[in-house]
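Q: Could you take me through this structure? I would like to begin with the terms.

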Amino acid sequence: GFEAAQGGGPAQAAIPAAKPRAPLTILYASESGNTEALAGKAKKAAQKHGLDAKVFDMADADLSLLPKSKNIVVYAATWGEGDPPSRAVDFYQALMSDAAPRIDGVRFAVLALGDTAYAQFCAIGKAIDARLEELGGVRVADRVDLDLDYAKQAADWTEKSLVKFAPADAPAGGTVVHVDFGSAALPGTDDDEPRYTAESPLEAEIATLINLNGTGSTRETWHAEFAFDDPTFAYQPGDAIGLVPENDPVLVDELLKAVGLASDAALLLKLQKSYDVTTLSRSAVENYAKLTGRGDVKALLEGEAYSKFAADRQLVDLFETYPEKLTAEQLTGLLRPLPGRLYSVASSLKAHPGEAHLLVGAVRWESHGKVRKGVSSTYLGERRKVGSKAKIYVKPNRHYRLPADGHTPIIMIGAGTGVAPYRAFVEERVATGAKGKSWLFFGERNFTNDFLYQLEWQDYLASGDLSRIDVAFSRDQPEKIYVQHRLWERRVDIAGWLDDGAHLYVCGDEKGMAKDVDQTLVKILAEAAKGDEEAGRAKLKELAKAGRYQRDVY
Ligand code: 2AM
């Protein structure tokens with residue numbers, strides 16, 4: 001079938017056409033929304049190529065979709081250390097299992113997204129591409145593996161690949177109608193894509209910059225307020241804001257010295273603003289080996305040598321350990337563009353029109369005799385002043401949203417900067433007059449120094465806009481107390497809130513906090529259902545499917 005455009009004028013009149021529209025299944029696996037957006041764009045492009053495209057999220061799709069499809073294009077992200085996006089795990093595991101169905105003759109193409117800062121670059125896209133062929137699929141376009149600066153290449157690949165699926169080769173179909181959609185909106189496409197993106201960010205003013213931690217803290221967490229005049233810069237609680245940082249000029253200078261270049265002002269500025277000068281990716285090592293012809297650098301690519309060397313090292317260490325003189329062009333040729341950093345927005349636009357607030361933890365550490373700095377977090381904390389400009393953009397996250405019904409209770413679990421979206425949630429609920437109950441679980445190191453937004457939470461408790469708060473300060477006593485310990489203590493009430501339809505939110509560190517919280521929630525649900533862990537796991541999955549268990553983890 002075809003989708004009729006709404007409100008069609010003469011331009012949308014149906015024109016009978018001879019060509020059948022080949023069906024196309026667009027399948028994506030997304031963590032932060034990049035492949036989801038690409039899938040939406042592909043759907044739009046597919047219309048132009050006369051394809052009848054449907055978009056599926058691996059999170060909701062069943063494996064039986066694959067043998068039912070004639071043509072499949074997959075947009076697959078790789079998350080963290082080579083994992084599938086968390087919502088796509090079930091589909092992915094089923095695909096890799098012996099139970100996966102044959103897909104003989106099904107035509108497919110795979111685009112893989114990843115981050116060369118991680119060793120298992122694009123591992124999931126690679127595995128899916130190989131698996132679809134193994135199951136009998138016919139690859140019609142070669143896979144591409146793209147880094148964070150994927151936008152242009154992804155658009156080119158999509159265009160080229162869709163041509164391969166185009167109707168000339170389509171199975172014979174019935175009478176099909178070609179519709180000119182003009183500029184009418186199609187459901188599920190990128191029409192609501194924000195105007196300001198990583199490629200074209202907004203210049204906002206830094207209006208406030210406060211370190212929220214006490215002077216004796218081991219932490220440095222910046223509350224940053226960005227101000228702007230453009231009302232089209234719109235975000236919702238749950239969204240992330242991208243910040244386009246600049247490198248530390250001291251580090252850029254070190255890098256130039258390491259490759260024997262003079263610190264020419266123009267070159268320094270270019271590297272400071274536009275290139276990733278820290279990430280020691282495998283591809284950077286490969287390119288450096290090729291460029292210099294050094295056997296010892298080439299040896300780094302064998303076995304475990306790269307992972308061993310790259311652990312806690314940066315690009316400058318490569319140049320200092322294996323020194324060679326480079327020209328400016330050779331150096332920039334080795335570098336990828338400087339990626340933006342994403343932070344969960346800490347404000348509601350309704351409470352703060354023309355502003356976006358972020359909570360940014362400064363990252364600093366020492367390794368191999370050098371002091372290292374997180375690019376973006378120290379950019380704000382050390383190299384920007386109130387009143388100066390910074391570049392920001394919106395990264396929508398439709399998988400992390402307040403319940404549509406303001407009466408629905410919410411349970412918010414966060415550690416460290418993971419508390420940020422909850423400030424946005426509560427502000428939004430106050431601004432919209434939503435009366436649902438709310439419960440915050442917050443964890444940090446020390447009560448005295450690290451209770452982020454303490455006064456605001458206390459005011460909300462006093463006004464009733466926050467119903468309950470439980471805190472876990474991990475380092476105020478000899479034994480660690482974490483948010484999941486508080487959850488367990490309160491398990492009876494949590495089960496009660498869930499019976500009342502509460503939505504659960506988790507934000508913060510994935511490997512530690514979010515994983516342990518997940519496990520604790522399984523136990524709580526198991527106990528409440530008087531079942532075993534498997535029953536608890538099934539219940540938590542059910543909540544996730546219903547959008548009542550949402551995670552924003554990093
Ligand atoms: P710690 O650093 O004392 O171990 C924010 O970082 C808070 O999360 C800190 O109090 C930190 O405690 C805590 N944290 C660390 N690992 C955690 C885990 N696995 N689960 C929950 N909280 C954790």
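A: Buried means under 20% relative accessible area, exposed over 50%, and partly exposed in between, with a 1.4 Å probe and protein chains only as cover. Helices (H or I, at least four residues) and strands (E, at least two) are DSSP runs, numbered from the N terminus. This is a predicted model, in which local features need pLDDT of at least 70 and side-chain atom pairs count only at pLDDT 80 or more, while totals for chains, interfaces and linings use all residues. Residues are numbered from 1 along each chain as its sequence is written, and side-chain values use heavy atoms, leaving out hydrogens and water.

Q: Which residues of H13 are buried?
A: They are Val375, Ser376, Ser377, Thr378, Tyr379, Leu380 and Arg383.

Q: Which residues touch the most other members in the largest nonpolar core?
A: Leu271, Leu318, Phe319 and Leu331 do, in a core of 33 residues. A nonpolar core is a set of buried Ala, Val, Leu, Ile, Met, Phe, Trp, Tyr and Cys residues joined through side-chain atoms within 4.5 Å. Helix H6 gives this core its largest share, 5 residues.

Q: What does Phe319 touch?
A: Leaving aside residues up to four places away in sequence, Phe319 touches Leu255, Ala258, Val259, Tyr288, Leu331 and Leu334; contact means heavy atoms within 4.5 Å. A second, separate core of 26 residues includes Trp222 and Val360.
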